[in-house]
Amino acid sequence: MSGRLSGKSGLVTGAASGIGRAVATRFAREGALVAFADRDRDGAAAAVAALDGATQAYPLEVDVSDEEAVARAFADVLERAGSVDIAVANAGVQLFGQDAPVGDLELPVWQRTLGVNLTGTFLTVKHAVRSMIGRGGSIIVTGSPTGIVGGGRGFTAYSTSKAGIHGLTRVAAADYAAARIRVNAVIPGYTETPLVQAIVEDQEARSALLSTVPLGRAGTPQDVEGIMVFLASDESLYATGALFVVDGGATAV
Ligand SMILES: NC(=O)c1ccc[n+]([C@@H]2O[C@H](COP(=O)([O-])OP(=O)(O)OC[C@H]3O[C@@H](n4cnc5c(N)ncnc54)[C@H](O)[C@@H]3O)[C@@H](O)[C@H]2O)c1
């Protein structure tokens, strides 16, 4: 298969669902060898099974908050493909009904959110870097507008985890530019996936949210694919340490 990512190999976390699934699927269709990494083994297997045509995709069970599991996942891609060129640290949780304004936020909710979103991203970026040293590569993390502006009211742990991810992106980009390892963040706006089911099902909350989006509609996982392919490919060789917002204009107003 030939495509914009032919000859490249890598891993996408959170690939059993939503944005990660769409991105991993697109990477596979663009010719990359892709591990669909997720703690949901059956979901990752189903995502790979749903691919039409010949691809080099395969499911990989990994909990991103477990360092040994993350290290094993990168070793697996290296062993199969001989290189890791692309890593997307995308797995995340948003604990609706539990995340809260800081005065009301319970420590276990903070720890669980930070453990997956921030520590999981740190571990993924750490082992991506180790597997790319000497050869270079592209690391992409999934950030959020809630890490830039105060639009995630009541989501203290989630917003903080995403702001941390943006900081990690910039420092890692600066530290590894000389090694030709690029690190960028993609920041999707409100994107209808299982993560935000609570909003999708609440017509009033959904309408209020959509009224803040200049392009006038919710994002879909497919809306995020194009920028991810660009950043994973050699078309973006001069881009590093940057935040790429795909939010229908929400943070522009
Ligand atoms: N949907 C949105 O509106 C939106 C907006 C901005 C940013 N994001 C970010 O996009 C990313 C993907 O979210 P989504 O909307 O596709 O959500 P989703 O719930 O559809 O998918 C998240 C995936 O991550 C996996 N996951 C969760 N914890 C994991 C762990 N510990 N180890 C491995 N896998 C784990 C889940 O099993 C699931 O398959 C997240 O980082 C999220 O914060 C989403």
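Entry 1: I began with the ligand and found one of its oxygen atoms 3.5 Å from a polar backbone atom of G189. The model I am reading is a predicted one. I then looked up two further backbone contacts. A polar backbone atom of T191 lies 2.8 Å from an oxygen atom of the ligand. For N90, I noted a polar backbone atom at 2.8 Å from a ligand oxygen.

**Entry 2: ligand burial and shell.** I next looked up the exposure of the ligand. On its own the ligand exposes 830 Å², and the protein buries 94% of that area.

**Entry 3: largest nonpolar core.** I turned to the packing of nonpolar residues. In soluble globular proteins, nonpolar side chains tend to be buried together. The largest nonpolar core here has 29 residues, of which F27, V34, F36 and M228 touch the most other members. I listed the elements that each supply at least two residues of this core: α1 (18-29), β2 (33-38), α2 (41-49), β4 (86-89) and α8 (225-232).

I followed V34 separately. Leaving aside residues up to four places away in sequence, V34 touches G10, V12, A24, F27, A28, Q56, A57 and Y58.

**Entry 4: second core.** I also recorded a second, separate core of 28 residues. Among its members are A35, A73, V125 and I181.

**Entry 5: A54.** I located A54 in the loop between α2 and β3 (56-61). Is A54 buried or exposed? I classed A54 as exposed because its relative accessible area is 64%, above the 50% cut-off.

**Entry 6: R180.** I checked the backbone of R180 and noted a positive phi of about 60°, although R180 is not a glycine. R180 sits in the loop between α5 and β6 (181-188). With a relative accessibility of 56%, R180 therefore counts as exposed.

How values were computed: Residues are numbered from 1 along each chain as its sequence is written. This is a predicted model: local features need pLDDT of at least 70, side-chain atom pairs count only at pLDDT 80 or more; totals for chains, interfaces and linings use all residues. Side-chain values use heavy atoms; hydrogens and water are left out. A nonpolar core is a set of buried Ala, Val, Leu, Ile, Met, Phe, Trp, Tyr and Cys residues joined through side-chain atoms within 4.5 Å. Buried means under 20% relative accessible area, exposed over 50%, partly exposed in between (1.4 Å probe, protein chains only). Helices (H or I, at least four residues) and strands (E, at least two) are DSSP runs, numbered from the N terminus. Contact means heavy atoms within 4.5 Å. A polar contact is a pair of N or O atoms within 3.5 Å; within protein, one must be able to donate a hydrogen and the other to accept it, and residues adjacent in sequence count only if both atoms are side-chain atoms. Accessible areas come from the Shrake-Rupley method with a 1.4 Å probe; for residues, only the protein chains shown count as cover.
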